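Welcome! Try each task before you read its solution.

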Amino acid sequence: MADNPGITFERLPHPAPTDPAQREQALANPGFGTVFSDHMVTIDWEEGKGWHNARIGPRGPLSLDPATAVLHYAQEIFEGLKAYKQDDGAIALFRPEANAARFNASAQRLAMPELPEEVFVESVRLLVDTDRDWIPTIEGGSLYLRPFMFASEAFLGVRPSKKYTYIVIASPAGNYFKSGAPAVSIWVSRDYSRAAPGGTGAAKCGGNYAASLVPQAEAIARGHDQVVFLDAEEHKWIEELGGMNLFFVFDDGRVLTPPLSGTILPGITRNSLITLAREAGLDVREERYSLDQWREDATSGKLIEVFACGTAAVVTPVGKIVSHDGEVIIGSGGPGQLTQKFRNRLVGIQRGTVEDTHGWVTKLA
Ligand SMILES: *Cc1c(COP(=O)(O)O)cnc(C)c1O
């Protein structure tokens with residue numbers, strides 16, 4: 001379904017871009033997901049016509065018919081990636097082609113048309129280039145990019161939509177977790193699952209997040225930062241957090257992360273860290289790991305570090321795991337050495353202070 005590859009973007013002038021002084025003020029402390037840049041990219045798809053009407057213009061509200069399919073049956077997918085301003089002033093994207101490929105994998109699962117990978121990457125580059133002044137230069141700052149696609153046909157019947165809208169917006173971001181990167185406390189959900197075999201767990205779709213909000217709220221209400229989900233069948237095996245993958249580090253040099261069994265989102269940060277850890281000589285295994293084993297290994301001291309990873313927060317140490325059966329502290333309860341080493345290495349590659357030997361970084365001219 002990958003049609004119309006040679007797409008060109010129409011450029012619609014912005015009538016009133018944000019005043020530079022106001023923009024600088026917003027960029028000093030952007031937080032996460034509340035400040036937005038001036039522009040957005042939009043591309044339409046229609047059955048029989050394919051992708052068309054590609055444009056970049058002023059960011060603004062959408063006008064949708066109340067019967068628009070996405071509002072009823074949640075046919076929607078998204079991506080998340082970041083643009084960084086490096087020390088020498090260059091603007092870098094981290095593995096955007098991996099996001100493009102995953103976007104199409106999600107599209108397939110949600111019965112949506114694929115967007116040619118080069119069009120996805122070009123749309124992101126174009127928005128970053130246009131709104132390059134919106135990349136924060138504060139420590140840990142980046143321009144978070146959110147490409148997404150939704151069913152835009154006005155129709156209440158249940159079948160794949162005949163119209164879709166693809167949009168990219170950009171949001172300057174500081175550090176994801178308010179407190180920077182200290183160790184977080186994780187709550188084990190007993191009553192809820194994130195994804196079941198045959199479901200949409202491996203697709204990056206809004207519906208997965210909708211289902212994770214109640215368990216996440218439960219974690220917060222109990223005083224924790226994040227929820228961890230177990231597998232839906234046996235309620236035994238560790239899967240992932242609502243939006244981050246998990247790694248376990250042992251005292252014998254083993255590093256373990258749950259395998260991509262179809263219910264776990266294939267994180268690009270996860271994939272990058274597996275590569276970096278293997279290069280560092282560690283014995284990285286993609287194996288199932290049970291909650292009981294986690295508890296036992298943390299108590300015996302075999303398990304020395306746990307961290308979560310994802311684009312938004314990069315690498316986040318996990319200090320504590322709490323369930324209905326009690327709490328277990330991991331290592332010292334603070335950020336572990338290897339966790340910090342991996343975080344620094346990955347952030348260094350993204351920021352251009354560590355050599356990129358894998359061709360992961362794409363620079364804008
Ligand atoms: C996006 C996401 C991740 C992290 O993926 P990255 O590509 O590393 O950002 C992990 N889990 C879920 C459920 C996600 O949606």
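## Exercise 1: The cavity

The largest cavity in this predicted model has a volume of about 110 Å³.

**Task.** Find which residues line the largest cavity and lie closest to its centre.

**Solution.** Start with the search of the whole structure, which finds 1 cavity of 30 Å³ or more. Next, look at the lining: it has 13 residues, and the closest to the centre are Tyr-84, Phe-94, Thr-269, Thr-311 and Gln-350. Finally, sort the lining by class, which gives 6 nonpolar, 6 polar and 1 charged residues.

## Exercise 2: Placing the cavity

**Task.** Work out which elements supply the lining of the largest cavity, and why the cavity lies between two domains.

**Solution.** First, list the elements that each supply at least two lining residues: strand S5 (81–85), helix H6 (268–279) and helix H8 (337–351). The largest share, 3 residues, comes from S5. Then turn to the domains: domain 1 (10–173) and domain 2 (184–351) both give residues to this lining, so the cavity lies between them.

## Exercise 3: Around the ligand

**Solution.** Begin with the neighbours: 15 residues surround the ligand, and Lys-204, Tyr-209, Glu-240, Thr-269 and Thr-311 are the closest.

Now check some distances to oxygen atoms of the ligand. An N or O atom in the side chain of Tyr-209 is 2.5 Å from one. For a polar side-chain atom of Thr-311 the distance is 2.6 Å, and for one of Arg-102 it is 2.8 Å.

Technical notes:
Residues numbered from 1 in each chain as written. Predicted model: local features only at pLDDT ≥ 70, side-chain atom pairs only at ≥ 80, totals over all residues. Heavy atoms only, no water. Near = heavy atom within 4 Å. Polar contact = N/O pair within 3.5 Å; in protein donor to acceptor, adjacent residues only side chain to side chain. 1 Å grid on protein atoms, 1.4 Å probe; cavity = no way out; pocket = protein on both sides within 12 Å on 5 of 7 lines; lining within 4 Å. Points joined across faces, edges and corners; volume = space filled by probe spheres on them. Helix = DSSP H or I, 4+ residues; strand = E, 2+ residues; numbered from the N terminus. Nonpolar A, V, L, I, M, F, W, Y, C, P; charged D, E, K, R; others polar. Domains from an automatic or database assignment.
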